[in-house]
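This report walks through a two-chain model in short sections. Please keep the sequence and the structure at hand while reading.

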Amino acid sequence: MSEQVPPGAGPGELGEFDPARGGTTSGGPVLRPGTPVRHVGPPPGAEPPGGPVGAAGPVATRSEYETEPSEHDPREERRAERRVALLFVISALATFGFCVAYVFMKIHTADYGAAQNYVLGATLALALFTLGAGQVLWAKALTPKEHAVQDRHDGGSSAAEREELDQVFFRGADQLGIARFPLARRSLLFAAGVFPLAAVVLLRDLGPAPEKQLRHTAWQPGKRLVDVETKEPIQVGDMRVGSILTVMPEGYQDLPEEDWALAPTILIRTRPTELRAPTNMNWTVDGYVAYSKVCTHAGCPTSLYEQQTQNLLCPCHQSTFKVTEGCRVIFGPAARALPQLPIAVDNQGYFVAQSDYREPVGPSFWERG
Amino acid sequence: MSVTATTSRKALRAVDDRLGGASWLRATMNKVFPDHWSFMLGEIALYSFIILLLTGTFLSLFFDASVQRVVYHGSYIPLRGVEMTQAYESTLRITFDIRGGLLIRQIHHWAALLFLSSIVVHLMRVFFTGAFRKPRETNWLIGVTLLVLGILEGFAGYSLPDDLLSGTGLRIAFSIVEAIPIVGTWAGFLLFGSNFPGEAFIPRLFVVHILLIPGVILALITFHLLMIWRQKHTDFPGPGKTEHTVVGSRLWPTYVLKGGGFFFVVFAMSAALGGLAQINPIWLYGPYNPAHVSAGSQPDWYMGFLDGALRLMPNWETNVLGHTLSWNLLVPALVLPGIIFTLLALYPFLEAFVTRDHAHHNLLDRPRNRPNRTAIGAMSLSFYVVLLLAGGNDILATTFHLSIQQLIWTFRIALFVVPPIVYYVTKRLCIALQRSESEVDHHGVETGVILRSPDGEYTEVHAPAPTPKVPELVAVSGSESGPASRAVAREGRRRRNGHNGDGGVLGRVGGFFFERGKRQSADPEPPRTLTRR
């Protein structure tokens, strides 16, 4: 922060209050005669460490600190001090209050510690606020107002300084021989350029190759559909017309989550006559039809079913799918219909999957095709 | 001499003995800062970051970033016996079984919102007053980087508890990564360590959230402050203010006391919010399960514009040579924020290029005196606000009983119609404000007193313009800032008046940028900047 160190001025510059630069102008605060003005500048004749600053204007860095004369009524001042002190005392009391609440208030209560949280928050806020407000009040009421002016150091260094820098830099560059040794230069660039490959290669084992994982789910031929809540298989007749159930492949909970995260499926019971193309009727059972629950837009579970319109709505971005028409998109950002799961009924009357989904479920990806 | 004074003197001596920093310390204490409320907005961001570090350290003592599955036996009865990850379980423990845990967690979350809000408002202050101009472009770039990092950090933070809401957010993030052409699928699997959701991601995200991003943010904030220190703070023009000086109060004692006090006030606000206003009640959402979602899923506000963009985007997707391009994810989630933040970062350079203003500026602009910059800013904000509102369209629809489809179409149209209108209105407003001011300047204030002259003519008496109460708001930056900015202003006028040397697009754009209202430029008087004496 050498810029803080005034780089020197002619002795005559010091302490002059120049109205044209940073001083008072008409309409501005006028210096009262006899105002105690303290000038802090460099010792006269000090060697400028950085040379002249900027091309235009005087070279001097001036700092002028004008402090308002202390006209404080001592009684007024003491009253202000008491106000400040009062705030700090309140702060300390609030801190004690916080400690007391921490120790004595119960957390395992019927409201799960909400009362303690309120009290802790309120006391902490009070302690902090009065601590801060006291300091601000101190600054405002007890310290003298000041009107300080300091030079900026804009515009970079002097031409001579820049010239010197150039010389140092180019002398060094010349000694390095950047221009003279092209082979060394180019091979350095090459080596430095290929080096990041090592870092990239190191990242390879962060995860497995995607392979076909996005094309398959945990559904397999003959896998029973189970209710995601009860984990019980479902029989024809378990559901009313117009109702909807989230189902999973039986035994999914024993698999790692990433193996079944694409498997959530919704089983909907419609009137058989309502189903229209492009619903694949061979994959339905008596008005029961199953679709992937994973939205084809961003992968949220499409879980809002509107019985009246038979629309399925994704709560994340409002993609809307028509259940009776192969879950085609009728609104929103999703581009593709929800894939249909081929279902059948096994010999015990339980719903089973005929196979896995015949197309990748969930959001699109580059290799999807 | 009192004991304190002796001790202080000893301490000062000790520092100087070892570092020889007496002159540096003196200069530091004497450093002058200008005084204006809007200069404290960045301070709020700084202080909320410190609060985030403090509360985050406390939370990291108890949080367990693991997706090991456990059965909950804690004190929150509704979730007892439910299987969940340790990340979620330990968040519940912080909430219900650690005294003050909920308070600190909620302060942390509120401070994060405050951090990003204050960054955005601070950015608006810097933008509309032209504080980003030379020599402060680098600090603008650092600021934009901090904003982006802050958004990522916030998203990483609220994704950690592995509740139903945060898991849904991560599901969307995975889908967005998947949609990146060529490398998307690989990138997703490498980041998550498997197909979504996997076991690796939460622990990795934890490292990103508590080490990587905060480390970079801390370094950048340090650099941001060093730059302010070095370049000195900008100030509004006014009597006694020049481009070459800084006017205000000194660091010691004024700003040490005021700044320190303000830190505690900001902390107090966060603590009050954390204690009294519930935020992110993860126990109500339940643990994440890919088969479930809660209706009305809303991200934190700073992610809202991205969510809105995702909601508004039409369902475009193309298949090219056996490959899928999901425009419905790529455009709103990657292309759009890419464009927004690139333009934001480049704005100082674009403006300097167009106006050819390469002078140093330490005095700020009044927004009305830069009608086009102000209008561009207002236009961009309106675009952002439409996206933000669209991100809450389901809430709006249920609250006001509107059709979600109609609402989305309204927002889709508004996104393109509202910004140009806002641009035009803002610009006209700025020019009108300039004119009314110059009117008062030239002709005085209307008094409401009507005089009839002997020959029957009625005239209103105008009083001379009063001395403005806040003089620094009236003077125009550049009016006393030396030949450089005068040359710029002259250049603008020259272009506006059609005497354009290059006659190219750049010249016309530059002239357009300096526009001050037609009536004024048609004024036979030599054009001048609005300055009230």
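In what order do the 5 strands of the open sheet that includes β4 of chain A lie? The order is β4-β5-β6-β7-β12 in chain A, and the pairing is antiparallel. The model under discussion is a predicted one, and the description below should be read with that in mind.

## The sheets of chain A

Strands β9 (residues 311-313) and β10 (residues 320-322) of chain A run antiparallel and are joined by 3 bridges, with A:L312 standing opposite A:F321 in β10(A).

## Overall make-up of the two chains

Chain A has 6 helices and 14 strands, whereas the secondary structure of chain B comes to 19 helices and 8 strands. Of the 369 residues of chain A, 34% count as buried; in chain B, buried residues make up 45% of the 533 residues.

Among the contacts of chain A that join residues at least 6 apart in sequence, 62% join residues at least 24 apart, while in chain B residues 24 or more positions apart account for 71% of the contacts with a separation of 6 or more.

## An enclosed helix in chain B

Helix α4 (residues 86-96) of chain B has 8 of its 11 residues buried, and it is therefore largely enclosed by the rest of the structure. The buried residues are B:A87, B:Y88, B:E89, B:S90, B:T91, B:L92, B:I94 and B:T95. What do the buried residues of α4(B) pack against? Their partners in chain B are the helices α3 (41-60), α5 (101-128), α9 (201-231) and α11 (282-285), together with the strands β2 (69-71) and β3 (83-85).

## How α3 of chain B packs

Helices α3(B) and α5(B) pack at an angle of about 160°, with their axes 8 Å apart. Because an angle over 145 degrees counts as roughly antiparallel, α3(B) and α5(B) are roughly antiparallel to each other. The crossing of α3(B) past α5(B) is left-handed, and the contact has 16 nonpolar, 7 polar and 2 charged residues.

With α10(B), helix α3(B) packs at an angle of about 65°, the axes lying 9 Å apart, and this crossing is right-handed. On the α3(B) side the residues are B:E43, B:I44, B:Y47, B:S48 and B:I51, which meet B:G259, B:F262, B:F263, B:V266, B:F267 and B:S270 in α10(B). By class, the residues of this contact divide into 7 nonpolar, 3 polar and 1 charged.

Strand β8 (residues 458-463) of chain B is hardly covered, for the count of buried residues among its 6 residues is 0. Strand β7 (residues 445-452) of chain B is joined to β8(B) by 5 bridges, and the two run antiparallel; the bridge partner of B:V445 in β8(B) is B:A463. The hairpin of β7(B) and β8(B) has 5 residues between the strands, and in this hairpin B:G456 takes a positive phi near 95°.

## Where the chains meet

The contact between the chains takes 96 residues from chain B and 87 residues from chain A. On the side of chain B that touches chain A, helix α10 (residues 251-276) of chain B provides the largest share, 17 residues. The residues of that side of chain B divide into 46 nonpolar, 39 polar and 11 charged.

Strand pairing also links the chains: strand β3 (residues 146-151) of chain A and strand β4 (residues 245-250) of chain B run antiparallel and are joined by 4 bridges. In this pairing, A:A148 stands opposite B:G248 in β4(B).

Conventions. Residues numbered from 1 in each chain as written. Chains lettered and ligands numbered in written order. Predicted model: local features only at pLDDT ≥ 70, side-chain atom pairs only at ≥ 80, totals over all residues. Contact = placed C-beta atoms within 7 Å. Nonpolar A, V, L, I, M, F, W, Y, C, P; charged D, E, K, R; others polar. Pairing = 2+ DSSP bridges. Buried ≥ 20, exposed ≤ 12 C-beta atoms within 10 Å, placed from the backbone. Axes fitted to C-alpha atoms, helices over the stretch in contact; angles between N-to-C directions. Parallel < 35°, antiparallel > 145°, perpendicular 65-115°, else oblique. Left-handed = near helix turned anticlockwise from the far one by under 90°.
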